Amino acid sequence: MITRLLVANRGEIARRVFRTCRSLGISTVAVFSDPDADAPHVAEADLAVRLRGAKPSDTYLAVDRIIEACRASGADAVHPGYGFLSENAGFARAVLAAGLTWVGPPPAAIEAMGSKIAAKRLMAEAGVPVLPSFDVAAPGEFPLLVKASAGGGGRGMRIVREVGELAREVASARREAEAAFGDPAVFAEPLLERARHIEVQVLADAHGTVWALGERECSIQRRHQKVVEECPSPGVSSELRERLCAAAIRAARKIGYVGAGTVEFLVKADRVAFLEMNTRLQVEHPVTELVHGVDLVRLQLEVAEGAALPPVPPEPSGHAVEVRLYAEDAGYLPQSGVLQRFEITGDVRVDSGVESGSVVSPYYDPMLAKVIAHGSSRAEAVRKLVAALRRARLHGLTTNRDLLLKILTNPEFEAGDTHTGLLAPDGPVHADGPEPIGELPALAAALAMAAANRRRAPVLAGMPSGWRNVRSQPRRAHFKETDVVYDPLPEGVTAISAEPDKVVLERDGVRQTFEIAQYDEDGPVHVDHAGGHAELTPVPRLPEPVEHVAPGSLLAPMPGSVLRIEVEPGERVSKGRPVLVLEAMKMEHRIIAPADGVVSGVHVEKGQQVEAGAVLAIIQEEDR
């Protein structure tokens, strides 16, 4: 029997496992890196152990330190979560060799699926349909997909459309795969465009029972990473579901699988092809839990203790949709810093790794939370999710909330026509950045700032803001995004009340409440209302001197490490050519030339750590 469980992970998955442990009376142990010392998962655990001596990016990969943390804390079992060491057979063996209970599949099963190249051979032997694999040195067709043999999460994956791109993309995929998984092996397979990415949740015990808990639709992805998942898939018929579940069960039985895992497929029309098997719990497991009425973590723990599953899984009920809320900009670049406010309410489940005041570091995945809604129908679940996202209070960091709302309200998504090209450059949904600021949110921000100024006034605080004996001109608020006249108010608009933290406006008989937050007197003003969120940056009357950068400067879009420099000073470059490559959160980010020109300077070196906004290089644009 498990009495004290160490979760060899961080963030939302650690908190998710702790929640089930508390319900079962199991004591919990967290491990943490220096940047995570104040993270919520550390505070929630009964005990916590700092993993000393490793770089922040490698802390949760330190097998010896994690085993030592088990000894120091008295843990008798280890749950790996997902990512990091969750699919590392060596780690599983080390846990078992230490006399601990491993909450995961047998090491041999992890090893069998650890190489996608070998896994495809095994699946073919088991009668599971697979795509052909190509040697990256001599691929058979284009377009193709270069993939890391180890790991997942979109890392080490590149689309190649013509032979001229092949060498560069293969080299990039190898580097990213080695950084993320310690294995540079890659392979290639045909690219099935506009296919559906479908996965089947399996759960097996040590007594021969294997469940297939239906399928999940995971087609909507950016950078080959899932963004929206749902259960069941709107594009899978009963007959196709039977085929997929039967293939998943064959896959699990072929490798003697025990525990929770996921078998992933590409589906295009009637064609079904095995992608990979994830020998762990998936990020998107909550949609299966809500539809089937199970706690997959609890079942993992019970199976690890030797319990037998019932002969058949529970029947599904309703529909569930999950979105991944990331701290990232419209270009999918990760953001780091202080998350000043994090509040999501409504009839939704929120699995988060953060809370108000959390610091999002540049060392780890920028996912803030998963937001999941369940309803009797797909439309009901989507409606709940849209409402919760619109009402969420997310201040301090740029997030992908607007993109998620665009996806959920897109006609193709509403019709269930989801595919892997939905967010492609030529797809129907684009991350275009924030919506234009509406007049009423801007008015609310201006009125709240005026009220705050009066509250801070050292004398005559009761005097109306901006009062003049003889009015000479309208009062105007200047923001970087827009200017607005707030005294007098526009025709048809009435201010019912105006406080620093709340403004109520009425326009043509319709009343609306705006919640206002400003965390620094000169900082952005956050305006939340029933229709969404607006962020406005006040323009100071007397701006501080700022450091100007030379025209043509390429700035670091995020903190990171300079992985590679691909140009020399004096070299002529064309628009779109890679100038250098940054590595952040174990992914490569290319910095490209914005126009034709000459490299007048390179201001960094390979291996150098840079902060966001640092000048990396300067391209002197050619005269036309």
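Q: Is Cys231 buried or exposed?
A: Cys231 is buried in this predicted model. Its relative accessible area is 2%.

Q: What about Cys218, buried or exposed?
A: Cys218 is buried as well, with a relative accessible area of 0%.

Q: How far is the sulfur of Cys231 from the closest cysteine sulfur?
A: The closest one belongs to Cys218, and the two sulfurs are 9.5 Å apart. A disulfide needs the sulfur atoms within 2.5 Å, so the sulfur of Cys231 is too far away for a bond.

Q: How many disulfides does the count come to, then?
A: Zero disulfides. Cys218 is in none, and the nearest cysteine sulfur to it is that of Cys231.

Q: Changing topic. How many aromatic pairs does the structure hold?
A: Five aromatic pairs. One of them is formed by Phe84 and Tyr364, with 6.4 Å from centre to centre and 75 degrees between the planes, which is edge-to-face.

Q: Where do Phe84 and Tyr364 lie?
A: Phe84 is in the loop between β4 (77-79) and α4 (89-97), while Tyr364 is in the loop between β18 (359-360) and β19 (367-375). The pair therefore ties together parts that are 280 residues apart in sequence.

Q: Why is the pair of Phe91 and Trp102 called edge-to-face?
A: Because the planes of the Phe91 and Trp102 rings stand at 90 degrees, with the ring centres 5.6 Å apart. Phe91 sits in helix α4 and Trp102 in strand β5 (residues 101-102). They are eleven residues apart, and the pair links distant parts of the chain. Both Phe91 and Trp102 are buried.

Q: Which residues do ring pairs link into a cluster?
A: The cluster consists of Tyr60, Phe84, Tyr363 and Tyr364.

Q: What lies over the face of Tyr326?
A: Arg222 does, at 4.2 Å from the ring centre. There is also Arg378, whose charged end sits over the ring of Phe413, 4.4 Å from the centre of that ring.

Q: Back to Arg222. What is its bridge partner in β11?
A: Gln225. Strand β10 (residues 210-222) and strand β11 (residues 225-231) pair in the antiparallel sense, over four bridges.

Q: What is the order of the open sheet of eight strands?
A: The order is β13-β12-β9-β10-β11-β14-β19-β17, and the pairing is antiparallel.

Q: Which strands stand at the edges?
A: β13 (271-278) and β17 (349-352). Each has a single partner strand, so one side of each is left without a neighbour in the sheet. From one strand to the next, the twist averages 25 degrees.

Q: Last one, Ala584. Which strand does it lie in?
A: Ala584 lies in strand β31 (residues 578-584). At 5% relative accessibility, Ala584 counts as buried.

Q: What does Ala584 touch, not counting residues up to four places away in sequence?
A: Leaving out residues up to four places away in sequence, Ala584 touches Met558, Pro559, Gly560 and His589.

Q: And how far apart in space are Ala584 and Val291?
A: They are 36 Å apart, C-alpha to C-alpha, and 293 residues apart in sequence.

Notes: Residues are numbered from 1 along each chain as its sequence is written. This is a predicted model: local features need pLDDT of at least 70, side-chain atom pairs count only at pLDDT 80 or more; totals for chains, interfaces and linings use all residues. Side-chain values use heavy atoms; hydrogens and water are left out. Buried means under 20% relative accessible area, exposed over 50%, partly exposed in between (1.4 Å probe, protein chains only). Rings of Phe, Tyr and Trp (its six-membered ring) pair if their centres lie within 6.5 Å; planes under 30 degrees apart count as stacked, over 60 as edge-to-face and the rest as tilted. Helices (H or I, at least four residues) and strands (E, at least two) are DSSP runs, numbered from the N terminus. A charge sits over a ring if NZ of Lys or CZ of Arg is within 6 Å of the ring centre and within 35 degrees of the ring normal. Two strands pair if DSSP finds at least two bridges between them. Axes are lines fitted to C-alpha atoms, for helices over the stretch in contact, and angles run from 0 to 180 degrees between N-to-C directions. Contact means heavy atoms within 4.5 Å.
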